[in-house]
Amino acid sequence: MKYFLPVFVALISVATPAFAQSYFTAGGLRMGTDWGLTVQQRVAKKTTVELILQSSFFRKEGMVTLLGEQHTPLISRRFNLYFGGGLHKGWHTVEPIYGVDEPERPGPFGITAIAGVEMTIGRLNLSYDIKPALNISGGENFGYFQSGVSARYVIAKKPFWEEQKKASKKRHKKKKTSRDKLRLW
C-alpha cells in the first residue's frame with residue numbers, strides 16, 4: 001500500500017495526456033475499509049450522482065449510499081478532484097441466534113461526505129476517496145471513517161442522445177455531399 005501513491009502519480013503523468021477520456025456512466029468495484037459496488041452517472045457538466053452498495057470488513061452491517069459529487073479538473077477533465085455529500089441507509093448482516101432474545105437494533109441512517117481524486121484512461125476509471133459518515137440513528141457506531149479505491153468500467157462515454165445526434169448529422173452531411181456530386185455532372 002505504501003507504493004500505491006507514487007505508482008498512481010507516475011501512471012497519471014504518463015498515461016493521462018495520451019489515453020484518457022471523460023465518461024458519462026461508469027460502474028465497478030470499490031475496495032477499502034468497506035467493499036462493494038459503485039455506479040456513477042454524470043448529471044451536469046461537472047456533477048455526478050454516485051450510488052454505492054457496500055458491506056464492511058469490520059462491522060456486521062451493509063449500507064447503500066447516494067451521493068452528489070462536484071468535479072474540478074486538475075490536469076484535464078480526465079484527471080480531477082471531486083467532493084460532495086449525501087445520505088446512507090444500512091442494515092445488519094448477521095441473523096440473531098435462534099432462541100436468544102436480542103434487542104432489535106435499527107440499521108444505520110445518516111449523512112455522508114466524500115472527497116477524492118479520479119482519472120479515466122480509455123474505458124477504465126480509477127479513483128481514491130475518503131468518505132466519512134455520521135449516523136443520525138442506528139448503527140454500531142456514531143460515525144465511520146471510510147476510504148477506498150474504485151475501479152469502474154466506462155459504460156457510456158457520452159449520453160446516447162449526443163451519439164444519435166452526431167450520427168444523424170453525419171448521415172445528413174453524407175447525403176448532402178452525394179447530392180452535390182450529382183449536381184456537378
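Predicted model: local features only at pLDDT ≥ 70, side-chain atom pairs only at ≥ 80, totals over all residues.
1. Overall make-up. The chain has 185 residues, of which 35% are buried. Its secondary structure comes to 2 helices and 8 strands. Along the sequence the pattern reads α-β-β-β-β-β-β-β-β-α. Among contacts with a separation of 6 or more, 54% are between residues 24 or more positions apart.

2. The barrel. The 8 strands close into a barrel, with antiparallel pairing and the order β1-β2-β3-β4-β5-β6-β7-β8. On average, neighbouring strands of this sheet are turned by 25° against each other, with direction ignored. Strand β1, residues 25–32, pairs with β8 in the antiparallel sense, and 8 bridges join the two. In that pairing G32 stands opposite G148 of β8.

3. Pairing from β5 to β6. Strand β5 covers residues 79–92 and runs antiparallel to β6, with 11 bridges between them. G84 faces I114 in β6, and H88 stands opposite G110 in β6.

4. Strands β6 and β7 are antiparallel and joined by 11 bridges. Here E118 stands opposite S127 in β7. The hairpin of β6 and β7 has 2 residues between the strands, and G122 takes a positive phi near 60° in it. Strands β7 and β8 also pair in the antiparallel sense, over 11 bridges, with N125 opposite R152 in β8. The hairpin of β7 and β8 has 5 residues between the strands, and in it G138 takes a positive phi near 70°.

5. The D129–R30 pair. How many salt bridges are there? The count comes to 3. In one of them D129 pairs with R30, and the closest N and O atoms are 2.8 Å apart. D129 belongs to strand β7 and R30 to strand β1, so this pair links distant parts of the chain, 99 residues apart. D129 counts as buried because its relative accessibility is 0%. R30, at 2% relative accessibility, counts as buried as well.

6. The network around R152. Which residues are linked in a network of salt bridges? They are E50, E118 and R152. R152 forms a salt bridge with E50, with the closest N and O atoms 3.0 Å apart. R152 lies in strand β8 and E50 in strand β3 (residues 47–56), so this pair ties together parts that are 102 residues apart in sequence. In the salt bridge between E118 and R152, the closest N and O atoms are 3.9 Å apart; the cut-off for a salt bridge is 4 Å. E118 is in strand β6 and R152 in strand β8, so the pair ties together parts 34 residues apart in sequence.

7. Are E50 and R152 buried or exposed? Both are buried. R152 has a relative accessible area of 1%. E118 counts as buried because its relative accessibility is 1%, and the limit for buried is under 20%. As background, side chains of opposite charge can pair when their charged atoms come close.

8. The nonpolar patch. L87, F109, I111, L134, I136 and F142 make a nonpolar surface patch of about 600 Å². The elements that give two or more residues to this patch are β6 (109–121) and β7 (124–137).

9. F142. Why does F142 count as exposed? Its relative accessibility is 61%, and exposed means over 50%. Leaving aside residues up to four places away in sequence, F142 touches A133, L134 and N135. F142 and G110 are 32 residues apart in sequence, and their C-alpha atoms are 9.4 Å apart in space.

How values were computed. Residues numbered from 1 in each chain as written. Heavy atoms only, no water. Patch = residues over 30% accessible without salt bridge, like charges linked within 9 Å, V, L, I, M, F, W, Y side chains within 5 Å. Areas by Shrake-Rupley, 256 points an atom, 1.4 Å probe, with all protein chains shown as cover. Salt bridge = Lys/Arg side-chain N within 4 Å of Asp/Glu carboxyl O. Helix = DSSP H or I, 4+ residues; strand = E, 2+ residues; numbered from the N terminus. Buried < 20%, exposed > 50% of the residue type's maximum accessible area, 1.4 Å probe, protein only. Pairing = 2+ DSSP bridges. Axes fitted to C-alpha atoms, helices over the stretch in contact; angles between N-to-C directions. Contact = heavy atoms within 4.5 Å.
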